[in-house]
Amino acid sequence: MISCKEASRLASLQLERRLSFWERLQFRLHLAFCIGCRRMERQFRFLSQATGAWMSQKD
């Protein structure tokens, strides 16, 4: 199983591009067992959405 450090890298990477099947599988398996990384992923998604909303208001 991947480490939390690798999971955080994949969480960040998935905001930029679609993860490969193997990356998604490893990431989802890690999230199934790690509550801290599940929280971190939700925070990443929230920040990405909030930034997108803020940027669209600026235009």
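Student: Before we start, what counts as a helix or a strand here?
Tutor: Helices (H or I, at least four residues) and strands (E, at least two) are DSSP runs, numbered from the N terminus. This is a predicted model, where local features need pLDDT of at least 70, side-chain atom pairs count only at pLDDT 80 or more, and totals for chains, interfaces and linings use all residues. Residues are numbered from 1 along each chain as its sequence is written, and side-chain values use heavy atoms, with hydrogens and water left out.

Student: OK. Where does M1 lie?
Tutor: M1 sits in the segment before α1, which covers 4–13.

Student: Is M1 buried or exposed?
Tutor: M1 is exposed, because its relative accessibility is 70%. Buried means under 20% relative accessible area, exposed over 50%, and partly exposed in between (1.4 Å probe, protein chains only).

Student: Which residues form a nonpolar patch with M1?
Tutor: L29 and F33. Together the three have about 400 Å² of accessible area. Areas come from the Shrake-Rupley method with a 1.4 Å probe; for residues, only the protein chains shown count as cover. Patch residues have over 30% relative accessible area and no salt bridge, and nonpolar side chains (Val, Leu, Ile, Met, Phe, Trp, Tyr) are joined within 5 Å, like charges within 9 Å. A salt bridge puts a side-chain nitrogen of Lys or Arg within 4 Å of a carboxyl oxygen of Asp or Glu.

Student: And I2, buried or exposed?
Tutor: I2 also belongs to the segment before α1. I2 counts as buried because its relative accessible area is 13%.

Student: What is I2 in contact with?
Tutor: Setting aside neighbours within four places in sequence, I2 touches A7, L10, Q26, F27 and H30. Contact means heavy atoms within 4.5 Å.

Student: Switching to E41. Where is it, and why does it count as buried or exposed?
Tutor: E41 is in helix α3, residues 35–58. E41 counts as buried because its relative accessibility is 6%. Beyond four places in sequence, E41 contacts Q14, F27, R28 and L31.

Student: Now the whole chain. What's the pattern?
Tutor: α-α-α along the sequence, with three helices and zero strands. The C-alpha atoms fill a box of roughly 45 × 25 × 15 Å along the principal axes.

Student: How much of the chain is buried?
Tutor: Buried residues are 24% of the 59.
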